[in-house]
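Please open the model in your viewer and keep the selection tool at hand.

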Number of protein chains: 2
Amino acid sequence: MIKVVAKGYIKSGQTDKFKEIASELIKKSRNEEANISYGLYEDTNNKQILTFMEEWKSKDGLEKHMKTEHFVRIMAELGKLQEKDMDINIYTNAM
Amino acid sequence: MIKVVAKGYIKSGQTDKFKEIASELIKKSRNEEANISYGLYEDTNNKQILTFMEEWKSKDGLEKHMKTEHFVRIMAELGKLQEKDMDINIYTNAM
């Protein structure tokens with residue numbers, strides 16, 4: 001199982017728009033065969049930080065996801081609302 | 001529901017020791033009433049990054065956790081094996 005943490009630093013005044021656009025990505029990604037979970041989370045200490053947390057059945061499934069039309073298109077739209085590139089980590093169970 | 005992502009940057013040669021010590025923290029934390037899940041994950045691109053991902057029923061439950069004997073003692077031990085302070089984010093559902 002693969003876990004993804006993708007932390008976004010959202011521009012001032014853009015968090016509502018980010019969430020609105022993200023909702024389409026979440027809905028479509030959850031429908032992918034390899035997806036286990038896909039959600040967006042808000043930092044309790046800094047509302048400008050919005051982070052996707054995702055679980056995938058396999059690395060292959062994640063790679064397929066990153067080539068989907070919805071991922072490519074929506075990530076580009078979300079990129080415009082962020083201060084800088086997302087911090088992205090891809091994890092496997094450590095123990 | 002509260003999610004915690006605590007990213008550790010482990011000193012060279014110390015990841016096995018980190019995992020061994022972390023296993024006690026994971027076991028005891030999973031037994032806490034407010035815990036939903038508690039795991040340790042390895043970055044697929046950098047094996048020196050080990051990250052705790054946790055889910056808690058409430059902020060109160062997380063705060064109680066951070067005062068337990070096992071958390072305070074074991075986090076101090078794990079701190080000695082890290083290059084720098086952990087990156088810690090505490091999240092709630094954004095939508």
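For the linings on this tour, Ala, Val, Leu, Ile, Met, Phe, Trp, Tyr, Cys and Pro count as nonpolar, Asp, Glu, Lys and Arg as charged, and the others, Gly among them, as polar. This is a predicted model, where local features need pLDDT of at least 70 and side-chain atom pairs count only at pLDDT 80 or more, while totals for chains, interfaces and linings use all residues. Residues are numbered from 1 along each chain as its sequence is written, chains are lettered from A and ligands numbered from 1 in the order in which they are written, and side-chain values use heavy atoms, with hydrogens and water left out.

**Stop 1: the cavity.** Select A:Val5, A:Lys7, A:Asp87, A:Asn89, B:Val5, B:Lys7, B:Asp87, B:Asn89 and B:Tyr91, which line the largest cavity. On a 1 Å grid over the protein atoms alone, a cavity is a set of points where a 1.4 Å probe fits but cannot get out, a pocket is an open set with protein on both sides within 12 Å along at least five of seven lines, and lining residues have an atom within 4 Å of a point. The space in this cavity is about 50 Å³, a volume being the space filled by probe spheres set on the points, which are joined across faces, edges and corners. Its lining has three nonpolar, two polar and four charged residues. Which strand gives the most to the lining? S4(B) does, with three residues; strands are DSSP runs of E (at least two residues) and helices of H or I (at least four), numbered from the N terminus.

**Stop 2: the pocket.** Now select A:Lys3, A:Met53, A:Glu55, B:Lys3 and B:Glu55, which lie nearest the centre of the largest pocket among its 19 lining residues. About 230 Å³ of space lies in the largest pocket. Nine nonpolar, four polar and six charged residues make up its lining.

**Stop 3: the interface.** Colour the two chains separately: 23 residues from chain A and 23 residues from chain B take part in the contact (heavy atoms within 4.5 Å). Together the chains bury about 2300 Å², 59% of it on carbon and sulfur atoms; buried area is the accessible area (1.4 Å probe) that two parts lose on being put together, summed over both. Show B:Tyr41, B:Tyr91 and B:Met95, which supply 25% of the area that chain B buries against chain A, more than any other three residues.

**Stop 4: a salt bridge.** Finally, pick A:Arg73 and A:Glu24, a salt bridge with its closest N and O atoms 2.8 Å apart. The rule asks for a side-chain nitrogen of Lys or Arg within 4 Å of a carboxyl oxygen of Asp or Glu. A:Arg73 lies in helix H3 and A:Glu24 in helix H1 of chain A, so the pair ties together parts that are 49 residues apart in sequence.
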